[in-house]
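The sequence and structure are shown first.

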Amino acid sequence: MPRFCRVTLIAVALNTPFVWAQEGGHSTAADSTVIVNAQLADGSGAPLKKSSVRIRGDRIVQVGDFKAKPGEHVIDARGLVLAPGFIDIHNHSDRGIKNDPLAETQISQGITTAILGPDGDSPWPIADWIIERRKNPAALNLAVMVGHATVRELVLGKDYQRIATAAEIGKMAQLIEQGMSEGAIGLSSGLEYDIASYAGTDEVIAMAKIAAKHGGFYMTHIRDEADKAFAALEEEIAIGDGAHIAIEHSHIKLGTVGVWGKAPEYIRVIEAARKRGLDFLADCYPYDAWHANIKVLVPDKKYEDALSVARALADVGGAGNVTITEFSPNRDYEQHSIEALAKTANITAVEMFIRIIRAGDAANTEAIVIGKSMTESDIKAFYQRPWVMAASDGGIGGKHPRGAGTFPRVLGVFVREKHWLSLPEAIRKMTSLPAQRLGWKDRGILREGAIADLVLFNPATVIDRSTFAKPGEIATGIETVFVNGSIVWNEGKATGMRPGRVISK
């Protein structure tokens, strides 16, 4: 076979690949790309196999034992694994994508498709968002959920701290109908968060029925991931049953001392529901710390009650496990734990928490915190279930390392170092399993005829580098990323291509 080099030139103005291959010192235009000597992880969970792959346009046109034709661009992937592009089903990158169409921290970790609008918070109107994103494409593909809290606030305004009336639920349902008709792929909720936390189960079922009618699914941040996690799980199952809708359980976790170590019991409840026919899948990020607003720590919403606050801090293992990442009223608080801030101020951790709440309320904002409150044994138990996929719950510019490191961390830590998963199974959790939930047949799988969303990585070196101190550090080991047949990431840098599409119902 003639000697070829990797991609050296890409026409930034185009959204399809235009590359040059060097043969004997002469350049010839290539209208297709052939990847040779790769170990293929096809997304199904099947064992790796050595094979060649031909890409033409936005499609995989051939997989098997063949040689490149004269004039084709060849990538020698010896020592590398070729997999379908990673689908991040829980992503918060919309704001970052608007500011950075290259979405570097996303494509650099192998993400080729991001599902936005999780936790009940979505753009509105959906149609306007889709039009704008198609006018200004990103480097990766996007799809969007319609958010329950978004439509709830549109109907109830500031008067949301109550059960909605039947007439109001009807108005919300009309908005869900509108969002689904305009291209949303499902309904998301964040029942632990303020606006949605006042909604009754019947309200959510009514919204989910509309999404189900349009072929969508229900993605939910359940009402409690802490001491009441089992009751919240039962409610989630009831919503799935009541609406006859497929479930996507967001960032599955057990986040307080009282439920640590109970993952096996939690799993049994889910698998019983699955066995009787509920279409239930979940996602999980590979870190032991969550990232949210400070008020989620206090489930009874008594944010200035010393006993409630003390109980809340004890539930997550103490104030040392809660670190402020964003707090505009006092930037000096950022990157310090509540325990450390209390010691500096010579007050108790409870008093420090209440001080932060009052300062936030006065400025009409909230502190954003990272809570280190999950156990490795629970994370391992969830990741080893076949119905749990990998997802980041992060995004561009976030203060949690999951936004830049999730998928390389699974491959480098959970597969290579800890041996929790085989490499093919980890790839399945990043590709065909989320595609299954989304109902996509031509993404998340590496086969002839599928869309050429692909990731080429080094299994011996792939690892996350982002940390809580430096959450935006780019991962290593992701060599080349294709989106719709175009190379968006190659040898450690973005190419400038923006071939991403908006995928809608």
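**Cavity**

The model is predicted. A search of the whole structure finds one cavity of 30 Å³ or more, and the volume of the largest cavity is about 60 Å³. Its lining includes His 251, Ile 252, Lys 253 and Leu 254, together with Tyr 285, Asp 378 and Phe 382. By class, the lining residues comprise eight nonpolar, one polar and two charged. Helix α13 (residues 376-383) gives the most to this lining, with three residues.

**Aromatic pairs**

Eight aromatic pairs are found in the whole structure. Two of them are set out here.

| Pair | Centre to centre | Angle between planes | Geometry |
|---|---|---|---|
| Tyr 160 and Tyr 198 | 6.1 Å | 55 degrees | tilted |
| Phe 230 and Tyr 266 | 5.1 Å | 85 degrees | edge-to-face |

Tyr 160 belongs to the loop between α4 (148-156) and α5 (166-182), and Tyr 198 to the loop between α6 (194-197) and α7 (201-213), so their pair ties together parts that are 38 residues apart in sequence. Tyr 160 counts as buried because its relative accessibility is 12%, under the 20% cut-off. Tyr 198, at 21%, is partly exposed.

Tyr 266 is buried, with a relative accessible area of 0%. Ring pairs join Phe 230, Tyr 266 and Phe 382 into a cluster; Phe 382 is also one of the residues lining the largest cavity.

**Charge over a ring**

Tyr 285, another residue of the cavity lining, has the charged end of Arg 402 over its ring, 4.6 Å from the ring centre.

Notes: Residues numbered from 1 in each chain as written. Predicted model: local features only at pLDDT ≥ 70, side-chain atom pairs only at ≥ 80, totals over all residues. Heavy atoms only, no water. 1 Å grid on protein atoms, 1.4 Å probe; cavity = no way out; pocket = protein on both sides within 12 Å on 5 of 7 lines; lining within 4 Å. Points joined across faces, edges and corners; volume = space filled by probe spheres on them. Helix = DSSP H or I, 4+ residues; strand = E, 2+ residues; numbered from the N terminus. Nonpolar A, V, L, I, M, F, W, Y, C, P; charged D, E, K, R; others polar. Phe/Tyr/Trp six-rings, centres within 6.5 Å; stacked < 30°, edge-to-face > 60°. Buried < 20%, exposed > 50% of the residue type's maximum accessible area, 1.4 Å probe, protein only. Lys NZ or Arg CZ within 6 Å of the ring centre and 35° of its normal.
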